[in-house]
Amino acid sequence: MTAPAPLIEVEKLEAWYGKRRILNGVDFTVHPGEIRVIMGGSGSGKSTLLRHMLGLNRPVSGSVRLFGTDLATASDREKLEVRKRIGVSFQGGALLTSMTVGDNVALPLREHTSLDEQTIRIMSRLKLEVVNLGGFQDLMPSQLSGGMIKRAALARAVVMDPRLLFFDEPSAGLDPVVSAELDELILRLRDALRMTIVVVTHELDSAFKIADTITVLDQGNVLMTGTTADVRAADNERIQDLLNRRPREVHVDADEYLQRLVGETE
Ligand SMILES: Nc1ncnc2c1ncn2[C@@H]1O[C@H](COP(=O)(O)OP(=O)(O)OP(=O)(O)O)[C@@H](O)[C@H]1O
């Protein structure tokens, strides 16, 4: 039997912000059905890699293919087809505050399908139930707790039944109990909806709980990709530093820092 085609293929990806190289030729492949965690310290390049996979940033060199489609050379129509097959849950939840929870979840269906209103309502309520928010459709986002906002955003991200779900820092800003509940939910989504899930996180406990495989990023380099057991046993000082929460020595170049500061305020 031949192995199923990968859903994500990133090859030799380089990313630069100005004169700084942020990703140094990253290779990254995700197969159907797995939960892949991208783990790494602050500034290691996790969000930059994610932005390239979502087509929000264009590679300076190297390539990103989702479902076999190279995002840099795809037509608008091909890109739209890819977008319909992915769901994204961003760090802040990003619900629209002027809409009810139900309307937020229904948004992708209203934008991308011509389904009738009743079907849209049923589908969005079903997804709210999947994330344990059944019956909350008429509330406004301001009436939800931090954990509930994350779950509602997750319901919106999966309302189109994407094959591939990206989840950016699920635990950010949540207390440990709510964060653990969200981890359970991610596992349930994979099993119930048969999704492939890519999670970006720097939370070690969460990473090891949900991951099938982990890619460890450090200073724009992939240090390794492997199972949780492989990563735990890794004979690599940087990985062990990360796992044991040992800080790296940071050398700040004062000139470069000042230049960036001035650049950012211009
Ligand atoms: N828009 C930008 N312009 C310039 N530099 C940037 C920009 N975005 C990120 N960087 C820099 O690129 C490097 C990698 O950032 P990135 O956000 O990808 O890391 P990260 O691993 O997601 O970090 P964190 O966990 O803190 O979010 C950092 O040094 C950051 O300061």
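Modeller: Ala, Val, Leu, Ile, Met, Phe, Trp, Tyr, Cys and Pro count as nonpolar, Asp, Glu, Lys and Arg as charged, and the others, Gly among them, as polar. On that basis the residues of the shell around the ligand divide into two nonpolar, eight polar and one charged. The structure is a predicted model, in which local features need pLDDT of at least 70, side-chain atom pairs count only at pLDDT 80 or more, and totals for chains, interfaces and linings use all residues. Residues are numbered from 1 along each chain as its sequence is written.

Colleague: What makes a residue part of the surroundings of the ligand, and which residues are they?

Modeller: A residue is near a molecule if its C-beta atom, placed from the backbone, lies within 6 Å of it. The ligand is surrounded by Y17, I22, G40, S42, G43, S44, G45, K46, S47, T48 and H202. K46 belongs to this set, and it is charged because Lys is on the charged list.

Colleague: Which helix gives the most to that shell, and what makes a run a helix?

Modeller: A helix is a DSSP run of H or I with at least four residues, a strand a run of E with at least two, both numbered from the N terminus. Helix 1 (residues 46–53) gives the most, with three residues. Over the protein, the secondary structure comes to 10 helices and 10 strands.

Colleague: Why are strand 2 and strand 5 called edge strands?

Modeller: Two strands pair if DSSP finds at least two bridges between them. The open sheet of four strands has the order 2-1-4-5, with antiparallel pairing. Strand 2 (20–30) and strand 5 (69–70) each have a single partner strand, so one side of each has no neighbour in the sheet.

Colleague: What makes strand 1 and strand 2 a pair?

Modeller: Eight bridges in the antiparallel sense join strand 1 (residues 8–17) and strand 2, against a cut-off of at least two. W16 stands opposite R21 in strand 2, and Y17 stands opposite R20. The two strands form a hairpin with two residues between them, and G18 in the turn has a positive phi of about 60°.

Colleague: What is the order of the sheet of six strands, and which strands are at its edges?

Modeller: That open sheet runs 6-7-8-3-9-10, with mixed pairing. Strand 6 (86–89) and strand 10 (221–227) are the edges, as each pairs on one side only. Neighbouring strands are turned by 15° against each other on average, direction ignored; axes are lines fitted to C-alpha atoms, for helices over the stretch in contact, with angles from 0 to 180 degrees between N-to-C directions.

Colleague: What makes domain 1 and domain 2 touch?

Modeller: Residues are in contact if their C-beta atoms, placed from the backbone, lie within 7 Å. The bounds, from an automatic or database domain assignment, are 1–85 + 167–266 for domain 1 and 94–161 for domain 2. Their centres, taken over C-alpha atoms, are 26 Å apart, and 11 residues of domain 1 are in contact with 11 residues of domain 2. On the domain 1 side, helix 6 (residues 176–193) has the largest share, seven residues. That side divides into eight nonpolar, one polar and two charged residues.

Colleague: What radius of gyration does the protein have, and what would a compact globule have?

Modeller: The radius is taken over C-alpha atoms, and the globule rule is 2.2 Å times the number of residues to the power 0.38. With 266 residues the rule gives near 18 Å; the protein has 19 Å, which agrees.

Terms used
Two residues are in contact if their C-beta atoms, placed from the backbone, lie within 7 Å.
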